[in-house]
Amino acid sequence: MSRKIAVIGMGHVGSTAAHYIVAGGFADDLVLIDPNTDKVNADAIDFEDAMPNLPTHTNIIVNDYAALKDTDVIISALGNIKLQDNPNNDRFAELPFTSAQVKVVAEKIKASGFNGIIVAITNPVDVITSIYQAVTGLPKAHVIGTGTLLDSARMKRAVAKKLNLDSRSVTGYNLGEHGNSQFTAWSTVRVLGQPIAKIAADRGLDLVALDKAARQGGFAIFHGKKYTSYGVATAAVRLANIILNDALTELPVSNYREEYGVYLSYPAVVGRNGIVEQVQLDLTDEELKKLQISADYIKTKFAESQAD
């Protein structure tokens, strides 16, 4: 059975994800879609130039929505990153642009007969994931946002650096919106065989500062190079591989939670059928309050996007 992935939007993030897929040999067929035909065709040739020096071959298909019909995973990376260059560090600055674009793209995905899994990176990701699901009519479990898979990685990086560890040695989650209302659920974080609260007390870690470092990580990168790419592209491709491999991995991704009536990031088991099982965390009262605030914020913004 051939593995087929599509990347829609070949900007900084989409092209990074596509390169990771080609270099890793993760797909047999890769569909690249972007309205800038010169750019997407140039990327396709560039990837083909890479192949003689790679151990695997990938068939590249350019700007063909019909090719989505039998695609396993679509990665949505479209957007206009320049709109995020604002003093408020607000991912919702992209919403008027991306919500309009996504509605058009989602209609084309639907028309293709696509019946796979959508992985959305496009910001503001929780609202955009909701729009993809609403327009395509795909089951909610088949439309997933990268969400706080990236923010949780940033939290692990911040904690690990303080403790002089590999970031994969830290477990735990950032929850809620992939944006300013997200937070680190410290009750879920463990390191060195201990809850983080105990390690923090023993070693004088400032959890408030670490939470801020996780939330601000993206903006530190953005202010340095005017976009982020490697962290989020890697998260998206990891998610795509987990779906293709039916790996049944627990991840904090943007998924539809019935009790909040909205897409937000909360751990779920991901496999070939998308969201296979939703996890139930034992959060503190304070964390539950933060999650509700985050959910309400996403809900308000989704309503705004539907009113346009």
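Modeller: Residues are numbered from 1 along each chain as its sequence is written. In this predicted model, local features need pLDDT of at least 70, side-chain atom pairs count only at pLDDT 80 or more, and totals for chains, interfaces and linings use all residues, while side-chain values use heavy atoms, without hydrogens and water.

Biologist: Is T148 buried or exposed?

Modeller: T148 lies in the loop between strand 6 (143-145) and helix 5 (149-163); helices (H or I, at least four residues) and strands (E, at least two) are DSSP runs, numbered from the N terminus. Buried means under 20% relative accessible area, exposed over 50% and partly exposed in between (1.4 Å probe, protein chains only). Because its relative accessibility is 0%, T148 is buried.

Biologist: Which residues does T148 contact, leaving aside its neighbours within four places in sequence?

Modeller: Contact means heavy atoms within 4.5 Å. With those neighbours left aside, T148 is in contact with N174, L175, G176, E177, H178, Q182, P252 and S265.

Biologist: What kind of aromatic pair do Y20 and F26 form?

Modeller: Rings of Phe, Tyr and Trp (its six-membered ring) pair if their centres lie within 6.5 Å; planes under 30 degrees apart count as stacked, over 60 as edge-to-face and the rest as tilted. Y20 is partly exposed at 34% relative accessible area, whereas F26 is buried at 18%. Their ring centres are 5.2 Å apart and their planes stand at 85°, so the pair is edge-to-face.

Biologist: How many aromatic pairs does the structure hold?

Modeller: Y256 and Y263 also form an edge-to-face pair, with 5.7 Å centre to centre and 70° between the planes. Y263 is buried, with a relative accessible area of 2%. The number of aromatic pairs in the structure is 2.
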